[in-house]
Amino acid sequence: MQEPTRGTSDVDSNSSTGSETAQEFYGRWARLYDLIARRTPGIPALRRRAAAACRLEPGDTVVEMGCGTGANLPYLRERVGPEGTVVGLDFTGPVLERARELTAEYDNVHVVQGDATRPPFAGDALENVGVDGSEIDALLATFVVGMLEDPAGAVDDWCDLVGPGGHVVLANAARSDAWYAPPVNAVFRAIVVLSTPPTTKLRYENDPHLRLDEKIDAAHARLRERSAAIADETHVFGVVRLTGGRIASN
């Protein structure tokens, strides 16, 4: 999943009352998230940069884990061209419907329902859109790993899926280290808390933005370990970290 406030927050879907609550929460706000995803200053440029970091060529196949309402899918489609294949995967029904609406003009962009930690690459979901796991050239996950129970483990699975020579790109929001960080981080913390379901909860045993930082650090560090990093950048006032790598041989 990777939407704006949902995306910009990178919240853990298991941090509240379970994945069903998270699905209802994100599904209810799908259209608002989509608006923020496409209109927030700096975010469209970030999405274009993330697509570029995938190092795609015309005709390639790319999978986005947690595609949300599909804000990244047109940028990926630009890279692979009409002869390539783009697959977006997410677990939230209403969000996927929005993604399908917004990519309906592209016959080579497919949106499927599934869990980013257990992608159905061996099952009917992707076979039905003509994609085999061995054909994947790149994998993108933006604003996703903070929602996962084991983000480093998920990155390992994604690297194994793409295989040596393929590319994996992560983009996630965390606290800024820039000199102007204090006010930026205060806003960021507020966004994380407000977008962590249930939004009525005012106090948490562990600050969600601190747990978020830990998860993002672990995921990006694992990608650097598994790849030759070709992109390691910060964007949007230092809040968004982008790491892209070519997967190395074991």
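Start in strand 7, where the bridge partner of Ala173 is Val240. This is a predicted model, in which local features need pLDDT of at least 70, side-chain atom pairs count only at pLDDT 80 or more, and totals for chains, interfaces and linings use all residues. Residues are numbered from 1 along each chain as its sequence is written, and side-chain values use heavy atoms, with hydrogens and water left out.

Helices (H or I, at least four residues) and strands (E, at least two) are DSSP runs, numbered from the N terminus. Strands pair if DSSP finds at least two bridges between them.

Now, strand 5. With strand 7 (residues 240-247), strand 5 pairs in the antiparallel sense over 7 bridges. With strand 4 (residues 138-142), the pairing is parallel, over 5 bridges. There, Ala141 stands opposite Leu170 of strand 5. From strand 4 the chain passes through helix 8 (residues 151-162) to strand 5, a right-handed β-α-β crossover. Right-handed means that, with the strands pointing away from the viewer, the path from the first strand over the helix to the second runs clockwise.

Is strand 5 buried or exposed? Buried means under 20% relative accessible area, exposed over 50%, partly exposed in between (1.4 Å probe, protein chains only). In strand 5 (residues 167-173), 7 of the 7 residues are buried, so the rest of the structure largely encloses it. His167, Val169, Ala171 and Ala173 cover one side; Val168, Leu170 and Asn172 the other.

Last, backbone angles. Most residues other than glycine have a negative phi. Phe143 has phi near 55°. Phe143 lies in the loop between strand 4 and helix 8. At 2% relative accessibility, Phe143 is buried. Arg55 also has phi near 55°, but is partly exposed at 44%.
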